[in-house]
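Dear colleague,

I am handing over the structure we spoke about, and my notes on it follow below. Please read them with the coordinates open beside you.

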Amino acid sequence: MNGVLPKIRFRDPQIEMSHGAGGKASRRLVEGLFAPLLFGDSTEPLGDAAHLIVDGARIAMTADSFVVKPLRFPGGSIGELAVNGTVNDLAVSGARAQALVVTYVLEAGLPSEILEAEVRAMAKAAACASVVIAGGDTKVVEHGKADSMYITTAGIGRPIPGINIAAASVRPGDKVLLSGPIGDHGITILLARGELELEADALCSDTRSVLPLIEAMAGVAAPGIRWLRDPTRGGVATSLNELARDCGLGVMLWEDAVPVRDVVRGACELLGLDPLHIANEGQFIAVIAPEYADAALQALRQSPGGSEAVIVGEMREEPSGTLLGTNGYGGVRAIDMLVGDPLPRIC
Amino acid sequence: MCLAIPAKVIELFPGERNRAMVEVTGVRRHIDIGLLEDDPPVKGDWVLVHVGFAMSKISEEQALDQLNTLIMLGENEAALEEVQGYGLGETSSGT
Amino acid sequence: MKFVDEFRDAAVITKAADEIRRLADPGRQYRFMEVCGGHTHAIYRFGLKDLLPANIELVHGPGCPVCVLPMGRIDDGLSMARDPNVIFCAFGDMMRVPGAQGSPLEHKARGMDVRIVYSPSDALNLARKNPDRHVMFFAIGFETTAPSTALVLMRAKALGIQNFSVFSNHVTIIPAIRAILDSPDMRIDAFIGPGHVSTVIGCRPYEWIAKNEGRPIVVTGFEPADILQSIVMLLHQIRAREAKVENQYKRVVPWEGNHAALKAMAEVFELRPYFEWRGMGFISQSALRIRDSYAQWDAEQRFETPGVRVTDPKAAQCGEVLKGVLRPAQCKLFGKECTPERPVGALMVSSEGSCAAYYNYEHRKHSVLTTIGA
């Protein structure tokens with residue numbers, strides 16, 4: 001039951017935007033095209049970061065790319081996303097980021113002051129996250145070919161002592177913790193694009209490094225940390241569906257316990273979106289053994305930025321591979337992962 | 001056809017009688033109130049918004065009335081059953 | 001959220017569910033149809049079926065304006081936008097609906113200028129901001145949405161905006177309900193009536209359902225407490241052997257409807273003699289076309305369209321599911337060839353289509369209900 005993934009074929013005739021949205025289409029692309037050709041016959045569940053042994057030393061490594069429009073938005077910019085996103089990928093693999101390298105693909109015609117602002121933002125975010133930017137590369141492409149700027153990163157780090165993350169170690173009864181309110185980043189971006197003419201005060205991206213919070217948890221609960229994930233594109237629902245699939249168990253989510261800011265909720269209701277499908281850039285999900293769950297939660301709540309951490313669910317034996325949500329009056333629904341980009345609806 | 005959200009009118013525009021600004025828990029949008037021209041909303045009114053148009057005003061009184069009905073559900077019946085259990089007075093016998 | 005949270009309150013909902021169990025006669029089956037796709041979505045989204053006794057079956061009706069649109073109309077709309085000067089606008093609901101050569105989003109990936117709008121007003125604004133492009137708005141929806149399209153067309157005319165047109169695929173709800181009741185394989189005891197359509201048309205148009213067809217119908221809101229209260233009201237009527245139109249959604253639905261909205265619709269639209277509904281064939285007087293007085297803004301007059309009828313694959317049973325004859329899982333393609341990622345029919349694409357709702361929320365639940373706890 002645990003860890004054996006069904007074979008997925010990638011037969012789509014062309015690449016669509018949905019392949020980058022973090023949901024099912026993305027999964028199909030990665031598992032159906034990239035994995036068999038690049039990763040051989042490995043049956044390990046795919047994570048964002050890889051832990052390798054190099055000359056006897058354990059090194060964690062990750063790569064990521066950042067494409068966002070608009071480049072700047074309340075709470076951050078593409079530069080910060082790039083640094084924090086990479087640090088977070090390593091953190092949820094159980095590693096402390098040490099260094100990043102960065103590549104920029106720049107569109108000809110991009111004003112230099114915009115580039116400078118992003119580079120400054122990256123430097124600041126790196127200092128904040130205690131990570132070194134060790135090198136990089138730059139390419140310039142013709143006007144119209146790069147949406148102003150694309151950033152890719154690669155990061156390396158050392159494993160955090162005591163943490164051993166594996167979907168296969170997840171057991172029924174394990175608790176699901178969420179570090180804080182969801183939906184802030186995705187809704188901020190949607191509003192910042194200006195196409196839907198919604199305004200909201202006091203809403204900004206939640207981009208931040210989650211490493212300090214994960215280390216705080218590891219300080220008291222390391223042996224009990226089974227699995228971590230940062231719910232970026234595709235949201236909490238997609239991450240929990242991946243968890244359910246990778247470990248072959250069921251996840252029961254207590255929907256009333258999931259923290260969502262009023263303003264995010266209002267925007268989602270207005271547009272017909274589900275906060276569980278919206279991207280986050282500064283949160284993580286942790287699956288913790290029940291005997292460690294309270295200690296982990298307290299450690300988070302007592303750390304800066306962790307005061308809204310909450311237990312939102314638990315692992316169940318059945319139904320296998322499925323995320324279910326329940327509400328205060330006993331209604332149950334299955335919650336699927338995102339198909340393509342979340343689209344506003346009127347019906 | 002169906003996604004319509006209650007929103008509060010927070011601003012009207014004297015020069016543009018068809019436009020209003022509404023708010024839903026901190027999210028604001030301009031909407032068209034042209035479909036309510038027979039009884040336009042005032043600031044503070046709640047309206048039902050669908051595809052950027054106000055479809056109807058929301059009656060707080062009716063909403064409270066409905067909630068009361070729901071809360072009372074079963075209570076009248078429960079009271080009646082209790083009284084019947086005492087064997088007092090006439091109860092409807094066999095319908 | 002005001003006017004929302006109170007109707008999602010657990011205590012209120014539990015009371016309503018208890019009352020339903022008390023009122024339902026264990027010796028019989030009840031089949032209630034919720035006409036509107038928004039109700040289908042809400043029922044699944046809030047897990048309301050779990051609160052009902054097993055002898056109450058909710059049958060999904062055809063009130064999903066995306067689901068009933070024949071594929072050929074999507075192709076027609078997309079063909080209008082093949083001219084690179086045209087901007088194709090539609091609601092998000094339309095974006096993944098498959099045409100013969102792909103959905104609007106897939107066309108966008110191939111270079112067509114396709115934009116999502118939240119309101120028909122946004123489409124008109126787009127035309128104003130882009131005077132050298134033509135903006136074509138693919139309009140869908142029942143009577144809830146048609147008045148807004150109508151107002152926008154009136155504004156376009158008043159402002160003399162030339163680079164704007166609307167492709168009207170508006171349909172009307174009463175003929176759909178009539179088609180259900182006329183269908184020989186249907187047995188519906190009562191209707192959970194569409195709430196938001198009724199803010200426009202009021203409650204009178206449903207009177208024939210009660211008087212002539214003897215079925216109770218309760219005009220219903222969209223929160224869990226609304227839907228459950230409506231079922232309570234239907235059960236009361238059935239117990240009392242009554243059949244009448246009731247308004248559960250009083251806080252929003254006026255019995256007489258919205259006069260200004262009806263006026264705007266009448267100014268801009270007229271009924272087509274007939275229109276094809278996916279899965280239900282041609283239904284007379286069931287759809288709106290733009291009047292000749294607004295011909296300049298009628299995309300069907302401004303553009304040549306193939307007008308080809310595209311029939312659904314034989315194996316797809318969209319029609320039967322739309323009419324409630326089959327449950328989604330009973331369609332041969334459900335969950336196999338037809339999934340939300342690769343929809344064959346529109347009921348799987350639209351978030352309120354019964355197949356999508358069932359697939360996304362229900363069919364993987366299995367038997368886990370006994371172990372719910374929070």
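How many helices and how many strands does chain C have? In this predicted model, chain C has 14 helices and 13 strands.

On the overall form of chain C, the C-alpha atoms fill a box of roughly 65 × 45 × 45 Å along the principal axes. A compact globule of 374 residues would have a radius of gyration near 21 Å, and because chain C has 21 Å, the two agree. Buried residues account for 58% of the 374 residues in chain C, and of the contacts in chain C between residues at least 6 apart in sequence, 76% join residues at least 24 apart.

Turning to the contact between chains C and B, 45 residues of chain C and 31 residues of chain B take part. Several helices of chain C give two or more residues to this side, among them α1 (10–23), α6 (146–159) and α10 (224–239), and the largest share, six residues, comes from α1(C). By class, the side of chain C that touches chain B holds 21 nonpolar, 14 polar and ten charged residues.

Chain A is divided into domain 1 (44–159) and domain 2 (167–334), whose centres, taken over C-alpha atoms, are separated by 23 Å. Each of these domains of chain A gives 22 residues to the contact between them. On the side of domain 1 of chain A that touches domain 2 of chain A, α2 (78–91) and β5 (95–107) of chain A each supply at least two residues, with the largest share, eight residues, coming from α2(A). That side of domain 1 of chain A comprises twelve nonpolar, six polar and four charged residues.

With best regards

Conventions. Residues numbered from 1 in each chain as written. Chains lettered and ligands numbered in written order. Predicted model: local features only at pLDDT ≥ 70, side-chain atom pairs only at ≥ 80, totals over all residues. Contact = placed C-beta atoms within 7 Å. Helix = DSSP H or I, 4+ residues; strand = E, 2+ residues; numbered from the N terminus. Nonpolar A, V, L, I, M, F, W, Y, C, P; charged D, E, K, R; others polar. Rg over C-alpha atoms; globule rule 2.2 N^0.38 Å. Buried ≥ 20, exposed ≤ 12 C-beta atoms within 10 Å, placed from the backbone. Domains from an automatic or database assignment.
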